[in-house]
Amino acid sequence: DWVYGKAQSVTPANAGTVEIRTTLDPQLQQKAIESVRSVLAKYGDEKHATQAALVAMKPDGAVVAMVGGRNYANSSYNRAVQAERQPGSAFKLFDYYAAFRQGYTPEDEILDAPVDIHGWQPENYGHRHHGKVTLADAFADSLNDATVRLSQQVGIDQVIAAARDLGLRAKLGNSPSLALGTSEVTLLDLTSAYAAVRGGKAPVTPWGISGIKLHGEADYVSANGRDQSQHGLGQYQGELIKLLQGVVDHGTGRAAKLQGFSAGK
């Protein structure tokens, strides 16, 4: 459905029969469907979740798998593309990117202690604090108070600018709680920003049509949408990947660690 919705903009009117080659990988798509079903079966009741979505994307934006919900026959609403949800700690990528753009490094320290901003008091998971910690550890352990303090030092406006720099298109509220992911985004948009980090170039536009063949033509014509203007992330790419690797190596995402390279939030 997602590809079909984009096909009109890349095919001429009255073109007759058109063949479209997508970026989707059937094997990965099947694994994605199985993953969503198994996660919902295992954690759905506990998390009070009846639906889930998944996007698998290459660093250049090519979507290789997409699941918009538990069962397409029962609900064709594409939660991967259309639904806007609070990203929570996945948004912290932009807080720390904003800090790096202002000269901070992963080894710099930030105070992890209670924060009060005009009566708003974020809390760490488990209500525990760790005093001075490195930015790398604060990110790996997903320390809310340290992250909010960092975002206040950097400036929420700079956090928004950093998110825009990585290609996040969502409407972002200029409030202290933004640092903890309270503004709603789509999964596809958020994944695109993470793809930019992996690829080292931003912004990344998700695409699903790799080629088009018009009636009577012998070959497919490329239609990958990768001709947009991009900028390199330079030194920041390595710093951000280091943070993301720390999450799965020794942080809150250890259960998601894979053999070989793995990084995430």
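Where is the place of Pro114: in which loop, between which strands? Pro114 sits in the loop that links strand 5 (109-112) and strand 6 (131-134). The model shown is predicted.

**Figure 1. Pro114 lies in a loop between two strands.** Strand 5 covers residues 109-112, and strand 6 covers 131-134. Pro114 falls between them. Its relative accessible area is 58%. Because exposed means over 50%, Pro114 counts as exposed.

**Figure 2. Pro114 has contacts with His129, Asp145 and Arg149.** Residues up to four places away in sequence are left out of this list. Now look at Asp60, 54 residues from Pro114 along the chain. The C-alpha atoms of Pro114 and Asp60 are 40 Å apart.

**Figure 3. The protein chain holds eight helices and 11 strands.** Its radius of gyration is 20 Å, close to the 18 Å given by the globule rule for 265 residues, so the chain is as compact as a globular protein of that length. The C-alpha atoms fill a box of roughly 70 × 45 × 40 Å along the principal axes.

**Figure 4. Surface and charges of the protein chain.** The chain exposes about 14400 Å². Carbon and sulfur atoms supply 49% of that area. The chain carries 26 positive and 27 negative charges.

Methods
Residues are numbered from 1 along each chain as its sequence is written. This is a predicted model: local features need pLDDT of at least 70, side-chain atom pairs count only at pLDDT 80 or more; totals for chains, interfaces and linings use all residues. Side-chain values use heavy atoms; hydrogens and water are left out. Helices (H or I, at least four residues) and strands (E, at least two) are DSSP runs, numbered from the N terminus. The radius of gyration is taken over C-alpha atoms; the globule rule is 2.2 Å times the number of residues to the power 0.38. Accessible areas come from the Shrake-Rupley method with a 1.4 Å probe; for residues, only the protein chains shown count as cover. Lys and Arg count as positive and Asp and Glu as negative; His and the chain ends are not counted. The place of a charge is taken as NZ of Lys, CZ of Arg, CG of Asp or CD of Glu. Buried means under 20% relative accessible area, exposed over 50%, partly exposed in between (1.4 Å probe, protein chains only). Contact means heavy atoms within 4.5 Å.
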